[in-house]
Amino acid sequence: MSPKANTLSRRQFLKLGGAAAASTVVLGSGLQFLTPIAQAGPSLAEDGQLYGVCDVCSMGCAFIAHLSGGRVTHLTGNSADQTAEGHMCVKGYSGVRLLYDPDRLKYPMKRTNPQKGVGVDPGWVKISWDEAIDMAAAKFKEIRETLGPQAIVFVGRPQTWARHFTQSIGTPNHISHNNTCYSSHDVVWQAMVTGKGKSWTVDYEHSKYILAFGWDGPGKSKNHWGRAVNHALANGAKLVVFDPRLSITASKAHEWVPIKPGTDLAALLAMIHVIIYEDLYDHDFVNNYTTGFDELKEHVKDYTPEWAAPICEVPAETLARIAREYATTKPAVIAYHKRDAGGPNYTNSWHTSQCFVILDTLIGSLDHAGGHVLDRKPKLPDLPDVWKVPAYPKTAKGPRIDGLEQFPLLYPLNKGSFSTLAEGILSQSPYPVKAAFFWKHNLLAFPNPPRLVEALKTLDFIAVSDVLPTEIVQLADVVLPDNTFYESSGLVAREYHAMYPQTALREALPALHDTRGVSGVMLSILKKMGLGDYVPEGMSSKALMEAQLKALETTVEEMRANGGVWGKPIELKPKTEFGTPSKKIEFYATLLKDNGYPPLPTWKPARSETSGNYPFHLLIWRRPWERMTQTQNDPIVSGFSHENRATLNAQMARKLGIAEGDLVWVESTAGKIKLKAALIQGIRPDCVAVEHGFGHWSRALSIAYGRGANDGDLIPTHTVEQQLAEGDPAMSAMMEDVVVKVYKV
Amino acid sequence: MKAPSEQDLARLAIYQALIKGLAYPSEEFMAQAWLAALAKVLKIVGLAAGELAAALQALNGDLQALQVEHTRLFINGVPHVLAPPYASVYKDGGQLMGQPAEHALRAYREAGLMVSATAHALPDHLAVELEFMVHLGRETLDADGLGDAAQLELMRQRSTRFLDECLLPWVALWRQRVEESARLAFYPALARIVEAWLKTDAQYLATMTQV
């Protein structure tokens, strides 16, 4: 383009009389969207490749985004990633369709319809970022000054800037999903091993015996765990899976044990009994690195396989044989992660998790090759390491709307309770809440979402930062569109990958739309609220990344030259001291005892037992190509599983007169959902299994809307008092401790 | 120096006015200066803006109603964004940034242009593609004014190619989606003008390149 020539044409333009000249009044001569390449500044990466780290799930597999003409045509796994081995899972490869989803939130918006609710059109209008931030800041400021900071609730991950945001405002209410996911493992590991949360690193690859209780890691496409388990199997390992349903992992196992739901604790106590009383445990490990063995031995005296067999409906000899195999095939490991039998699915899950730690300790596999390995990811500087954060208001440590502070072992882990939020808001206990900020947490992930909608409708103001127009966005007063992980940069120190401790580089594509990362948005809101002291000048996610690169003594250029990763080999040297008060692994957990909880795992039946009214246990599972509620708007994935189903045992279904494809109601005390029946052999007759992630009611999700139903509608919420009555230090949401009836529509 | 033809100037103005019409409605937008200009230049090429003017008039200055309509049709809406103004949605499986976006971007690159990083626009957004026609139109005028026959021919060819390959293949599909989904008369009227104009311009360019 020649500027000189353009000047000429503009002059010609002005010379004209009549109609064409009139147009110059309003039209001007500049280009709004297009710009000469030389003057463009930061440009769309057009052809080439970018390094990325997948964030579809928490595994963090490194990938390469291939670009052609400014668009990502496809992703490939990054072969420099030693753990993911140059591959992604089906969800990871599909993730690029989130980037290009036409339903994405593209600009800040506000609602024009004051009515809120399921099926109500918010009447959105596009607004500027200034207006959006002003709106949020003004409302939060007003509520903070009139009712106090605690009247503002933040729902989202406990990420650095989000924690800083809530604490700067002075609200104690930073609610994350922990008690629906892994709070039991976190609390147990804290009390027995680490003094903090659970370890996320497992060396399945070198294990010779993998024993799982409700764990379906490979079935959920946990990429490198699936790969590692496959490597182990190829190397002759044995895989044994206890699960009421023939999960994908169970279908690949040498042995599937269809245990009664919620009774894994009994099976595990019996295994501990066998290993101790048949003297199959690792004496050196137990003597050197543990405390409380004698108390444990006495405690499990009566938990024999014969005692457990009728409870869990697994023959005593099977329990004893598997215990022996597990103890004598070295190295062995119990596979678990989140939402398994020891995840917070049942009222006794935390005791189940205790048994997991005890068993891996008894056989000496904890923090050894082939077992669960303690944290060894590279330490990256965090905000307090690079900026002297001013003291936060004391109110940030006050009582919470979800009651978390009443659970002394869970509270310091800075997570939250999804199961008590709705009841807290509705009962205004311990105080009224009037505003909420939701960041990338969908309502369908909560127990009983209709109850939460009822609660959220009582608030004066809701701000939402998200990528897609999910259900919570429908209730928002202001929408703050977030970047996808393709449009964010940073370093990712991946704890799941810590067998090969590599930090991976995430390079950002320019944001496709007028979106902003939530961190910067939160800092802008703080500043507008008059809390500028908490806004570090010059400190941003980018500056933090610079500090992290410096700490690793590397640069982006060097990481690029090394294939997008940084890593130095670290020899696996088992720890000899642990984070407990005794510095040992505590079978008899003093932290639990000191806080009023049983220090040793004690049999406790599940909260819900089947009856004539509710004869089925509810099981929840996840498709390999679906990531919770986040992938249902994908045009290809939606073709793999159009809707979720009520999966029943075929013989049982026939007895009830239910045929494949019949519409059935699945009903609990909390609610009921309508699904098509699917009949299979591989499920216990007393169970019904429902896939999670479906039942979107946001019509703004053009593909996900109206497909299937949400399992969460069957799961009750709880009051804090009800949670306390369970005597569970992990405040488990008990997502599967639910019984239901199933009948034809 | 040769004076530019009124037809060439008019087509430039039409493209510019249509971009204004597709912009997010503001107070200035409601004042209708852009619409008056559009009506005048459309007349030169034998098209009318009466229906569009009547549709805007019928709003009685209700800016928010038009903003809600714009947002639900083109940005985010319930149920879902109804008529996304991106070629890829209509010509490459429904997602953004498909082959048509790459195609448009390569045309911009060939002309020494790229999508501005601050514009928050995708290469195959209708307004961006119309703006590229503005750019080519200006280059055409310049070449004509300078008597550079080769450049004039090249610009006319590029204009024809971009219209044929990047705009015309989807504009009718988009117009149809707008007509099906609109609650107000304004955007269907605008979409019909966009489509009619692009077809008219294609015919005009064909005539000019044959000369």
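Strand β20 (residues 502–506) of chain A is largely enclosed by the rest of the structure, because five of its five residues are buried. Here, buried means that 20 or more other C-beta atoms, placed from the backbone, lie within 10 Å of the residue's own; 12 or fewer makes it exposed, and anything in between partly exposed. Please keep in mind that this is a predicted model: local features need pLDDT of at least 70, side-chain atom pairs count only at pLDDT 80 or more, and totals for chains, interfaces and linings use all residues. Residues are numbered from 1 along each chain as its sequence is written, while chains are lettered from A and ligands numbered from 1 in the order in which they are written.

- Strands (E, at least two residues) and helices (H or I, at least four) are DSSP runs, numbered from the N terminus, and two strands pair if DSSP finds at least two bridges between them.
- With strand β19 (residues 490–493) of chain A, β20(A) pairs in the antiparallel sense over four bridges; in this pairing A:Gly490 has A:Arg506 as its bridge partner.
- Strand β21 (residues 565–567) of chain A also pairs with β20(A) in the antiparallel sense, over three bridges, and here A:Gln502 has A:Gly567 as its bridge partner.

**Chain B as a whole**

- Chain B holds ten helices and one strand, in the order α-α-α-α-α-α-α-β-α-α-α along the sequence.
- Its C-alpha trace spans about 50 × 35 × 30 Å along the principal axes of chain B.
- Of the 211 residues of chain B, 54% count as buried.

**Where the two chains meet**

- In all, 59 residues of chain A are in contact with 61 residues of chain B, contact meaning that C-beta atoms, placed from the backbone, lie within 7 Å.
- On the side of chain A that touches chain B, the elements giving two or more residues are α1 (3–15), α2 (18–27), β1 (34–36) and β6 (124–126) of chain A.
- Of these, α2(A) gives the most, with seven residues.
- A strand pairing also crosses between the chains: β1(A) and strand β1 (residues 113–115) of chain B run antiparallel and are joined by three bridges.
- Within that pairing, A:Thr35 has B:Met114 as its bridge partner.

Technical notes:
Contact = placed C-beta atoms within 7 Å.
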